[in-house]
Amino acid sequence: MALIISKHVELQTETSIKTFIHECKKITDARLKNKITGKEITMRASSTNEILKIIEKLNLLT
């Protein structure tokens, strides 16, 4: 299954799976919890132009 998905990503994005994984690792989240109120906040790092192009080619924005 992983091979099929990897090949699909490569064919759709015209990018190697190694590059795809490298760009995906740049997407990071941070979770902060307020100890007084108990509320949790999730923050995400800005996406790079390369990952945005890949997401667009995979048609994941819809």
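The legends below describe close-up views of a predicted model.

**View 1. Confidence across the predicted protein.** The average pLDDT of the protein is 92, and 98% of the residues score at least 70. Confidence is highest in helix α1, at 95. The lowest confidence is in helix α3 (residues 49-57), with a mean of 91.

**View 2. Helix α1, residues 2-13.** The helix has 12 residues, which at 1.5 Å a residue should span 16 Å. Glu14 follows α1. The phi of Glu14 is positive, near 55 degrees.

View 3. Thr13 belongs to helix α1. Its relative accessible area is 1%; Thr13 is therefore buried, since buried means under 20%. Leaving aside residues up to four places away in sequence, Thr13 touches Ile54, Lys57 and Leu58.

**View 4. The hairpin of strands β1 and β2.** Strand β1 (residues 29-33) runs antiparallel to β2, and 5 bridges join the two strands. Ala30 has Met43 in β2 as its bridge partner. Between β1 and β2 there are 6 residues. In the turn, Gly38 has a positive phi of about 80 degrees.

**View 5. Strand β2, residues 40-44.** Met43 of β2 is the bridge partner of Ala30.

How values were computed: Residues numbered from 1 in each chain as written. Predicted model: local features only at pLDDT ≥ 70, side-chain atom pairs only at ≥ 80, totals over all residues. Heavy atoms only, no water. Buried < 20%, exposed > 50% of the residue type's maximum accessible area, 1.4 Å probe, protein only. Helix = DSSP H or I, 4+ residues; strand = E, 2+ residues; numbered from the N terminus. Pairing = 2+ DSSP bridges. Contact = heavy atoms within 4.5 Å. pLDDT = per-residue confidence, 0-100. Expected span 1.5 Å × (residues − 1).
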